[in-house]
Amino acid sequence: MTIDQIALLPTYVAAATAVLALLADLVAPGRLGAVVGTTAVGMVATAGTAIGVGLGLGDAGRRTAFCVGPDQCSLVADPAAAAVGAAFAILALGAVALSLPVLRTGEVPVGEYCFLLACSLTGAVVLGGARDLITLIVALETLTLPLYLLVGIRRGATAGASAAVTFFVVSVVSTAVALLGAALVYTATGGVHLADIARADLAVPELRPLLKVGIVLLLAGLAFKVAAVPAHAWAPATYDGAPLPVAAYLSTASKLGGVVALLRVGVLAGGPVLATSGLTLAVLAVLSMTVGNLVALRQRRMVRLLAWSSVAQAGYVLAPLGALLASGGRTTEAVALAVAATVAYALFYVILEFSAFAAVVAVRGSADGGEIADYRGLARRSPWLTAVLVIALTGLAGLPPGLAGLFAKVAVVRSLLGGDAAWLAIVVAINAVIGLAYYIRVVASLFATAEPAVAVTTPAPATTGAPSPATSPAPAIAAALDTAPVMAPVSAPVRAGWPVAAAVGVAAVLAVLVGLAPQGVLELAAFFTP
C-alpha cells in the first residue's frame with residue numbers, strides 16, 4: 001500500500017486546526033479573539049493547502065494515498081478534491097464570522113464550538129478525495145457527527161436539545177440504511193473502491209438484483225445529507241432549533257457533502273446500474289421539490305421557510321442526475337452535462353443560501369430567525385441587508401436580480417432536455433413556479449409598511465391623600481398621562497459587528513459575481529466529470 005503524505009496534507013491541516021482551537025482555549029481561557037483567530041487562520045490554511053495540493057502538486061495535479069492497485073486508491077487529491085476542500089473551508093470560516101454575536105453572549109462555549117466546527121471541516125476535506133465506500137461513509141459521518149453537538153450547544157436552550165435529538169435519530173437510521181446498501185454492493189461486486197464497482201463484471205445473473213438493491217439503499221441513505229424526501233423531516237426542526245450560524249453551516253455544508261457523495265456513488269460507482277441510479281435519484285428529486293415547495297407555502301417562521309425551501313432545492317440539485325434513467329441520458333456527453341449541472345446548481349445554492357442566513361444573522365443577532373412578519377419594513381431600517389436578502393431569495397427562486405439562481409435552473413433544464421428527460425424538466429418548471437409564491441411573499445414583506453406597534457396601557461397608580469380634581473388639576477393630568485397608550489418603538493437593526501458585516505458582504509459579492517459570470521462555475525463543475 002502506498003501512502004503519499006502530501007496528498008494527506010489538507011487533512012492534517014484541518015485536524016491540526018481543531019486541536020489548536022482547543023489548546024488556544026486552554027492556554028487563554030475566556031479570550032474569544034485568541035480562539036477564534038486561531039481557528040480562522042487554520043481554516044484559511046486548510047483552503048490554501050487543499051488548492052495547492054489539488055492543483056499545483058503531483059502529476060497533472062493528482063496525488064493518491066492508500067492505494068492497493070493502479071486504480072484502487074482510497075484517497076485522491078485532484079482539482080475536484082481541491083474545490084471541495086476550499087469550499088468547505090470558506091463555509092466554515094463564514095460560520096465562525098457569523099457566530100461572533102452568539103459567542104460574545106457566553107451562551108456557547110467558544111473552545112468547544114471552534115473545535116467541533118474544525119472537526120466537521122476535517123471530514124469534509126477527506127470527503128472531497130474519497131474513492132471507496134468505506135472512506136466515503138466515514139468522511140461523511142465525520143462531517144456530520146460534530147453537527148449533532150453544534151445544534152444543541154447553546155446553554156439552556158431546550159429547543160436546541162430537541163432539534164439535536166431529532167437530527168441524531170434520523171441520521172442514525174439513514175446511516176444504517178446506507179451501510180446496508182454498501183454491504184450489498186460489496187457482496188455483489190467483491191470490491192469497495194468506486195473504480196472496481198463501476199467495472200464490475202456481473203457474470204452471475206443472480207447478483208445483478210442484489211447490486212441494484214444495494215445502490216438504491218445506498219443512495220437513499222445518502223439522500224439524508226441533502227435533506228431529500230423521505231429523509232427530510234429533520235431539517236425544519238433542526239434548522240429552527242439550532243443557533244443561526246450553525247443552521248447556516250448545516251444547510252450548506254451538509255447539502256454540499258451529500259451532493260459530492262451522491263455523485264461518487266450514483267455516477268462513478270454506478271457503471272453497471274446507471275439506470276437504477278437514475279430512477280432512484282429521479283424519484284427523490286420529484287418528491288423533494290414537490291413536498292418542499294408545497295409545505296413551504298404555509299410557513300410563517302423565516303428559518304422554517306428556508307428549511308423547507310432547502311428540501312425543494314435538494315430536488316433541483318438531484319434532478320439532472322435523474323436523466324440517467326433515460327437511455328439518452330447515459331451517453332458520455334449527457335452524463336458529463338448532468339454532473340456539471342448538478343455541481344453548478346449545488347454551488348449556486350450554497351452561495352445563495354449562505355447569503356440568506358448571513359443576512360438573517362445580521363438582522364436578528366444572537367436571537368432565533370423569528371417570524372416572517374418580524375421582517376416587515378426592513379427596507380426602511382436597513383436597505384443594504386434588504387438588498388442582500390432580495391438577491392438571495394430571488395436567486396433561490398430563479399428570478400432576476402438573483403441571476404445565479406436563474407442560470408442554475410436553466411442549466412438544470414438544459415441537462416434534462418439533453419438527456420431525453422423532458423418530463424422531469426416539466427416537473428422542475430412547474431415546481432419553480434410554485435416556489436415563486438413564498439419567495440415573493442417574503443420579499444414583498446421586506447418592503448411593506450411596518451405594522452403599527454401594539455398600544456400598551458398602564459393603569460394610573462392609586463393615590464392617597466391627594467387633593468381632589470376640583471381643587472387641583474395635577475392628579476387628573478398625571479392620570480391622563482399614565483393611561484395614554486405607549487407605543488413600542490420599531491426595532492432597530494442589530495449591530496452584529498464587522499465580522500458579520502464582512503461575511504454578509506462577501507456572500508453578497510459572490511452571489512452577484514457568479515450570477516454575472518456563471519461560465520466560471522460551469523468550468524469548475526467540469527472537474528467532477530467522470
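At what angle do the axes of helix 10 (residues 244-268) and helix 12 (residues 302-318) cross? In this predicted model, they cross at roughly 10° and come within 12 Å.

**View A. Contact of helix 10 with helix 12.** With angles under 35 degrees counted as roughly parallel, helix 10 and helix 12 are therefore roughly parallel to each other. Their crossing is right-handed. On the helix 10 side, the contact involves Leu244, Lys255, Val259 and Leu262; these meet Val303, Ser310, Val311, Ala314, Val317 and Leu318 in helix 12. By class, eight of the residues in this contact are nonpolar, one is polar and one is charged.

**View B. Contact of helix 12 with helix 17 (residues 422-447).** The axes of these two helices come within 11 Å and cross at roughly 165°. Helix 12 and helix 17 are therefore roughly antiparallel to each other, and their crossing is left-handed. Helix 12 contributes Met302, Leu305, Ser309, Ala312, Gln313 and Tyr316, while helix 17 contributes Val428, Asn431, Ala432, Tyr438, Tyr439, Arg441 and Val442. The contact comprises nine nonpolar, three polar and one charged residues.

**View C. Contact of helix 2 (residues 32-56) with helix 4 (residues 110-129).** Here the axes come within 10 Å and cross at roughly 5°. Helix 2 and helix 4 are therefore roughly parallel to each other. Leu32, Val35, Val36, Thr39, Met43 and Thr46 of helix 2 make the contact with Val110, Gly111, Cys114, Leu117, Ala118, Leu121 and Val125 of helix 4. Ten nonpolar and three polar residues form this contact, with no charged residues.

Notes:
Residues are numbered from 1 along each chain as its sequence is written. This is a predicted model: local features need pLDDT of at least 70, side-chain atom pairs count only at pLDDT 80 or more; totals for chains, interfaces and linings use all residues. Side-chain values use heavy atoms; hydrogens and water are left out. Axes are lines fitted to C-alpha atoms, for helices over the stretch in contact, and angles run from 0 to 180 degrees between N-to-C directions. Helices (H or I, at least four residues) and strands (E, at least two) are DSSP runs, numbered from the N terminus. Angles under 35 degrees count as roughly parallel, over 145 as roughly antiparallel, 65 to 115 as roughly perpendicular and the rest as oblique. A crossing is left-handed if the near helix is turned anticlockwise from the far one by less than a right angle, and right-handed if clockwise. Contact means heavy atoms within 4.5 Å. Ala, Val, Leu, Ile, Met, Phe, Trp, Tyr, Cys and Pro count as nonpolar, Asp, Glu, Lys and Arg as charged, and the others, Gly among them, as polar.
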